[in-house]
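Reader: Hi! I have a structure open and would like to talk it through with you. Shall we start with the backbone?

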Amino acid sequence: MSELLADQPGERRLFLGNEAIVRGALEAGVRLAATYPGTPASEIGDRLYVVSRQTDLYFEYSTNEKVALEVAAGAAASGWRALCSMKHVGLNVAADALMTLGYVGVKAGMVIVSADDPSLFSSQNEQDNRYYAKLAGLPMLEPASPQEAKDMTRAAFELSEELGLPVMLRTTTRINHTRGAVTLGPLPSAPGKAGRFQKDPFNLVMVPAVARKAHARLVEKYDRAREQAEASRFNTITGEGPWGIAASGVAAAYVQDALLELGLKDKVTFLKLGFTHPLPAKLVGEFLARVEKVLVVEELEPFLEEHIKAVAQESGLTLPIHGKGRELFSRLYEYDPALVRGVVARYFGVPDEPGKALAPAGIFGQPLPDRPPNLCPGCPHRAMYYAVKIALQELGVEGIFPTDIGCYTLGLLPPLSMADFLICMGSSITTACGIARATGRKVVAFIGDSTFFHAGLTGLANAVHNNHDVLLIILDNGTTAMTGHQPHPGVTLTPPDYPGRPIDIAGVVKALGVEQSRVVNPFKYKESLAATKEAIAARGVRVLISQAPCHLYVQRIKGKKSKARFQVVDACGDCRHCLDYFGCPAMYVKPDAGVSQMFIDHDLCAGCAFCVQFCECIRPVKGSAR
Amino acid sequence: MSTTENRKQKTENVRIYLTGVGGQGTLLASRLLGEAALAAGFEPLVSETHGMAQRGGIVVSTVVLGDLKSPIISPGEADVLLGFEALETFRALNFCNRRTLVIANTGVIPPYTVAVGQAQYPPVSRLVALMSEAVDSLLAFDAGVLAREAGSPLAVNMVLLGALAATDYLPLSRESLLEVIRTRTNPKFLDANLTAFQKGAEVAENPGGWLGAIP
Ligand SMILES: Cc1ncc(C[n+]2csc(CCOP(=O)(O)OP(=O)(O)O)c2C)c(N)n1
Ligand code: SF4
């Protein structure tokens, strides 16, 4: 049984922030959960999936975040507590629903987890989603630890029901991916009831006449939500003294350590905010009245700072309030304890002794070799990229490569260098249309199978309808690899016991009106090269579906490695072809009498047998199965 | 362990920085440290790397014990660096200061840039010599050899945990770590894991293995 279902109230467990969120939802009796994966939120869905196989919780990997949010909204409108989790940019996809969901409201508690990613560890931007709470008029909680993540998730369901509004739980990577002690609460003992949808079209169908009233309702709820924030146990003032600090999220943890290490614990009045929208104006006013100078500590945008300054203005207070600025905090990237301690010390004029960090590159005397992430050995994406590179070369044309988000985006790096333009999920096929129209050049767009269902379908329909001249290559590896191998509608590799029904990508492409489409196996080089050349040379909308499973996932599911192994048997001379066009991480080069000789690392070789098809010097190792 | 001892230790702030390459088991090691600390009554915080970097990139995790609330470690502020790979250990020196205890596996996993001849892997002997000058106490040895001797090439993390446990730098007993290894690692590899842990501990117990002051 999943550890998250342990029915031992009072016991402490070491949970990841994401696991704590799941536990909080389970303690609150969540009935339905939906997600689209994305770092740093993915483990929320992955744990919920496991739990759903063992309980009566309904969980789904939805096609995208908008779908997930709407599925959850439907359940919450029918009296089921519902959870919807996603990474920060997922909320952009779901934003259309989010903006009007507050008008419609909920009948049972609904919690939306937005996992932000300051420093862009695995993201295309570092937007601050707290502004979404403000934009949509929804209450928001911001945990500072895994324990708070659990407590706040549970409380958010109750708050949501009291206000009849979905509640946002806004986390950052450091909360999602930190393990900490979490005290278990009781799980609900009674089994959940069947949902019931009460018809009420003149409050639930957002046509203008209804929505006008609904907006007024939402604005009223804002005031009630603010009262809840004033009384919330997640907003506290501790310590005393004329210096004030206000903080939320993991930055509040950094402040606590700074106060400890600077010996300021009893000298600073600390406003720790967890219920951050609507901001509790009275509490903030009380805090401001007690201090002479304020530092606001929050990662990314000055969300609290602007609100706090507004409260000061309304209270007629003119004390200095600072947060972002030169010599203070940046709007960029995540903070760390010493950074926060340094700014606190500077702002209040107390000494700080930072640890004297060693400088590895300085000690070494030159930069250290980088270790960028790379496509795995045996990855089908690399094989397809290779075919496209060679096809273009043989045709003597230079391609432009709008790409998309997934493992295959790693094809950006040399020697593959197969990515020229990327904005967000789904932007490959659509930007390709604009680029091709404007330049008249050969444009080859790449999209993963999960991304295709998430945001590629409408773009492809558009390309067909508007007669664009693009080649789209769908890199169908049977899974959502980058975020941890979650299923998606086109899935062929599934976790054990997975109930989802697969949809055939080739059939979808055809049904969207694409007349020139083909499925190729990227590991059959001759065939894939011929098909690619033909597709590049043609005009109009062409689609190639490159179909071969993610090697890493196959290996994980099967639990053993392929036995086939290969070796370079002849002298390479100064060929370098595999280095300059293929770049498999199982291959390495050793200088040998002035020329470079390639070798294949048998521990890393995936046995995909692709390289033997383009290089005559590579042969199977005797005795290896193939 | 007596209760008074326990209480004294709980206020001790210890920051442990673990670094390695995807697949080396750094996350399991940090999790086991966290679990052992939790069982001993601490409020541990363990931060982990997930996502993109795991495809052959650097995987870092941190374990923070004591009164601290921050899950991560700032440059220069690690008390212990547990390095799973020679180059990555060296790269993580900016999280260390002179007094940081460094336990380094001298095993090498060449990064892609080196494999394709764009960059050269620094000689490990040079990395170790430079590290031993930079920090007061360094234990550098080939944990991979010991893991293989113990019967599981993947047990490098257990060897390093054993070495760390033997330093008394941790406010945790060796037994508490062994207990989580017994309950939280794959039973198929338990014997190999326990042997690997023991081998790591023996290396750290031998004063001759240390470069610089013995902690
Ligand atoms: C709106 C949005 N949601 C989620 C993500 C996170 N994410 C990055 S890549 C990816 C999917 C990758 O799957 P696929 O397209 O099949 O490519 P693969 O990784 O399998 O090669 C996801 C979910 C994102 N970047 N943006
Ligand atoms: S995880 Fe799968 S899709 Fe991603 S790089 Fe590895 S083999 Fe390729």
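Predicted model: local features only at pLDDT ≥ 70, side-chain atom pairs only at ≥ 80, totals over all residues.

Reader: Where in chain A is A:Pro278 placed?
Author: A:Pro278 sits in the loop between β12 (275–277) and α12 (281–290) of chain A. Helices here are DSSP runs of H or I with at least four residues, strands are runs of E with at least two, and both are numbered from the N terminus. Residues are numbered from 1 along each chain as its sequence is written, chains are lettered from A and ligands numbered from 1 in the order in which they are written, and side-chain values use heavy atoms, leaving out hydrogens and water.

Reader: Thanks! What kind of peptide bond joins A:His277 and A:Pro278?
Author: That bond is cis, with omega at about -10 degrees. Most peptide bonds are trans.

Reader: And what is omega near for the bond from A:Pro414 to A:Pro415?
Author: Omega is near 10 degrees there, and this bond is cis. A:Pro415 belongs to the loop between α16 (380–395) and α17 (427–439) of chain A.

Reader: Switching to phi: what is the value for A:Asn467?
Author: A:Asn467 is not a glycine, yet its phi is positive, about 55 degrees. Most residues other than glycine have a negative phi. You will find A:Asn467 in the loop between α18 (449–465) and β16 (471–476) of chain A.

Reader: Is A:Asn467 buried or exposed?
Author: A:Asn467 is exposed, because its relative accessible area is 61%. The cut-offs are under 20% for buried and over 50% for exposed, with partly exposed in between, using a 1.4 Å probe and protein chains only.

Reader: What about A:His485, buried or exposed?
Author: A:His485 has a relative accessible area of 5%, so it counts as buried. Its phi is positive too, at about 65 degrees, although A:His485 is not a glycine. A:His485 is in the loop between β16 and α19 (505–511) of chain A.

Reader: New topic: which strand holds A:Leu141?
Author: A:Leu141 lies in strand β6 (residues 140–141) of chain A. A:Leu141 is buried, because its relative accessible area is 2%.

Reader: Which residues is A:Leu141 in contact with, leaving aside neighbours within four places in sequence?
Author: Among them are A:Met152, A:Ala156, A:Val167, A:Phe234 and A:Phe275. Contact means heavy atoms within 4.5 Å. In C-alpha terms, A:Leu141 and A:Thr276 are 5.9 Å apart in space while being 135 residues apart in sequence.

Reader: Nice. Zooming out, how many helices and strands are there in chain A?
Author: Chain A has 23 helices and 22 strands. The domain assignment, which is automatic or from a database, gives domain 1 (3–231), domain 2 (236–348), domain 3 (380–558) and domain 4 (566–620). The C-alpha centres of domain 1 of chain A and domain 4 of chain A are 50 Å apart.

Reader: And what about chain B, how many helices and strands?
Author: Chain B has 9 helices and 7 strands. Of its 215 residues, 60% count as buried. The C-alpha atoms of chain B fill a box of roughly 55 × 40 × 40 Å along the principal axes.
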